Amino acid sequence: MLTYYAIATVCLTLFYVSCIILYAKCWKDLPFFENTEGGGATTFISVLIPARNESNNILSCLNSILAGNYPKDLFEIIVIDDHSDDATPQLVATHPSPNVRLIELKNLLKLADNQPFKKRAIEAAIGASKGGLIVTTDGDCIAPPEWLCLIETFYVQSGKRFIAAPVNFCDEKTAFERFQSLDYIGMMGVTGAGVQGRFTNMCNGANLAYEKSLFHEVGGFKGIDHVASGDDMLLMQKIARFYPDALGFLKNSKATVLTKAKPTIADFMSQRLRWASKSSSYTEVFTVLQLVMVFCFCWNILLSFCATVFWGLPVFLLFLFQFASKSIADYFFLRTMARFFNREDLMHPFLPPQYLHILYIIVVGSLANFKKTYQWKGRTVK
């Protein structure tokens, strides 16, 4: 039995390390984008911000976009309020900028259980939008000055019709928040590498752009609106089935949208369970295989550690092999990403986050298979 366990352990470890090497290679091969042609912007952009209970953040978000260097006559901002219980709609409605518009979902959609509210919000905003290029972000995000300019020039020069762009955490105050930031820059590397290598399609709705016409061509969220979340990745994977050449990743740290990590474990778990809830709807074989294998690999590391009590030194050596392999592979990949985003500070210390990462994959992956509801901004979602 120990022999079979050892073979399985080695296979899982080699799979994980091979994936990290693949990600590192594809990230390196992904071209860095910068505007080399010059010229002025010509594309009218509709920035969509679905928001629920964001009164503490929405003004900072709006003002960061308005302070950018994209021509004011070439973009609009549409905030879609999703039944907020706070002052979010009032703050948006009274904003002095003529670029800002408010849509209240309560006037379009009755509050009921198990509705894909965010998707409905985006659909409503797209229907009311004037731009040919849709850009989405979240109400708790801060946009950099060159954000819309970089998206527009990448859109024009690359010809990509669906653009994923980077999102990072910022202003960490605790070791737990720093762990989330380190984990997330790794996810950005996986996102860019997957698009470059065409083996997995991931993105984040906090920094996403696509043609309005493309959204309509694939039928919008039809067929994926049974899932509460997934307005980003499920839409991307749907588009990839029809137009695989239309997808691109904007590799430029100056296009990174910033938000804050979750301050508590409860908030963190709710966020990650929300992200994991859509995984059962993924249709890409390699994406599903990767998620399953990484989940099994992390469980295998924990089992090897615990089984040392029964099988002694041989299994402990397997545990060391697994943990060392994961740590070394992760270190070199994350160091590359930390340098790209100018966040090398997140690499110190490195080993404690490794333990947290293994535990987080095990717990969230396990709960996602059994816990079918989660809390999001005061709403219970199934």
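What you are looking at is a predicted model, where local features need pLDDT of at least 70, side-chain atom pairs count only at pLDDT 80 or more, and totals for chains, interfaces and linings use all residues. Residues are numbered from 1 along each chain as its sequence is written, and side-chain values use heavy atoms, with hydrogens and water left out.

Among the buried residues of α4 are Phe-117, Ala-121 and Ile-122, along with Lys-118 and Lys-119 (buried means under 20% relative accessible area, with a 1.4 Å probe and protein chains only).

On a 1 Å grid over the protein atoms alone, a cavity is a set of points where a 1.4 Å probe fits but cannot get out, and lining residues have an atom within 4 Å of a point. The structure holds 1 cavity of 30 Å³ or more, and the largest cavity has a volume of about 40 Å³, counted as the space filled by probe spheres set on the points, which are joined across faces, edges and corners. Both α2 (58–66) and α5 give two or more residues to its lining, which includes Ser-64, Tyr-70 and Trp-147.

A pocket, by contrast, is an open set with protein on both sides within 12 Å along at least five of seven lines. The second largest pocket holds about 300 Å³ of space, and β8 gives the most to its lining, with 3 residues.

Notes
Helices (H or I, at least four residues) and strands (E, at least two) are DSSP runs, numbered from the N terminus. Buried means under 20% relative accessible area, exposed over 50%, partly exposed in between (1.4 Å probe, protein chains only).
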